[in-house]
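Me: I have a model open and would like to learn how to read it. Could you take me through some features one at a time?

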Amino acid sequence: AHYSPITPQEFNDGAFDVRWFEEAYATIGAERFKLLYDCAKYISGGANHRRSQLFADAVLGKLNLSDTQKQVETKRGKDQLLAYSLIPLAKKKEPDLRERYDFIQKFLLESRQFGAQRRAS
């Protein structure tokens, strides 16, 4: 949060600063980033390291769009849904954006069938 315009609360809610990540990744390089990635569980509280690793994998293009979409549909996980939106766009951006938007809206619509606590999470 010290190096990004995103507030600490927004980070806790699941925000991710792609521009800052790409800048930091370019600065430290792939080899040092792997070391940091592997050590993340020792330098973060709770399970936040897993979310960070998931987001990094998404931005770096290591996650498959359709596999992530299936995980979101079956597990309904917030972190997977957030990572889904971070996966780099296809070469044809407009159809890809529309498909992702429709999927997220469908997810939101289906969420209404659950209780208030589950909807909030």
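**Reading a helix pair**

Reply: Start with helix α2 (residues 18-43) and helix α3 (residues 48-59), whose axes come within 11 Å and cross at roughly 125°. Keep in mind that this is a predicted model.

Me: Why give an angle and a distance?

Reply: Two packed helices are described by the angle between their axes and by the distance between those axes. Angles over 145 degrees count as roughly antiparallel and 65 to 115 as roughly perpendicular, the rest between these being oblique. α2 and α3 are therefore oblique to each other. The crossing of α2 past α3 is left-handed.

Me: Which residues of α2 and α3 meet?

Reply: From α2 come Val 18, Phe 21, Glu 22, Phe 33, Tyr 37, Ala 40 and Lys 41; from α3, His 49, Arg 50, Gln 53, Ala 56, Asp 57 and Val 59. Sorted by type, the residues of this contact are 7 nonpolar, 2 polar and 4 charged.

Me: What does the side chain of Arg 76 contact?

Reply: Look for N or O atoms within 3.5 Å of each other, one able to donate a hydrogen and the other to accept it. The side chain of Arg 76 makes a polar contact with the side chain of Glu 110, at 3.4 Å. A polar atom of the Arg 76 side chain also lies 3.1 Å from the backbone oxygen of Phe 107. Arg 76 sits in the loop between α4 (65-75) and α5 (78-84), and is buried, with a relative accessible area of 16%.

Me: How many helices and strands does the protein have?

Reply: There are 7 helices and 0 strands, giving the pattern α-α-α-α-α-α-α along the sequence. The C-alpha atoms fill a box of roughly 45 × 35 × 25 Å along the principal axes. Of the 121 residues, 26% are buried. Among contacts between residues at least 6 apart in sequence, 50% join residues at least 24 apart.

Notes: Residues are numbered from 1 along each chain as its sequence is written. This is a predicted model: local features need pLDDT of at least 70, side-chain atom pairs count only at pLDDT 80 or more; totals for chains, interfaces and linings use all residues. Side-chain values use heavy atoms; hydrogens and water are left out. Axes are lines fitted to C-alpha atoms, for helices over the stretch in contact, and angles run from 0 to 180 degrees between N-to-C directions. Helices (H or I, at least four residues) and strands (E, at least two) are DSSP runs, numbered from the N terminus. Angles under 35 degrees count as roughly parallel, over 145 as roughly antiparallel, 65 to 115 as roughly perpendicular and the rest as oblique. A crossing is left-handed if the near helix is turned anticlockwise from the far one by less than a right angle, and right-handed if clockwise. Contact means heavy atoms within 4.5 Å. Ala, Val, Leu, Ile, Met, Phe, Trp, Tyr, Cys and Pro count as nonpolar, Asp, Glu, Lys and Arg as charged, and the others, Gly among them, as polar. Buried means under 20% relative accessible area, exposed over 50%, partly exposed in between (1.4 Å probe, protein chains only).
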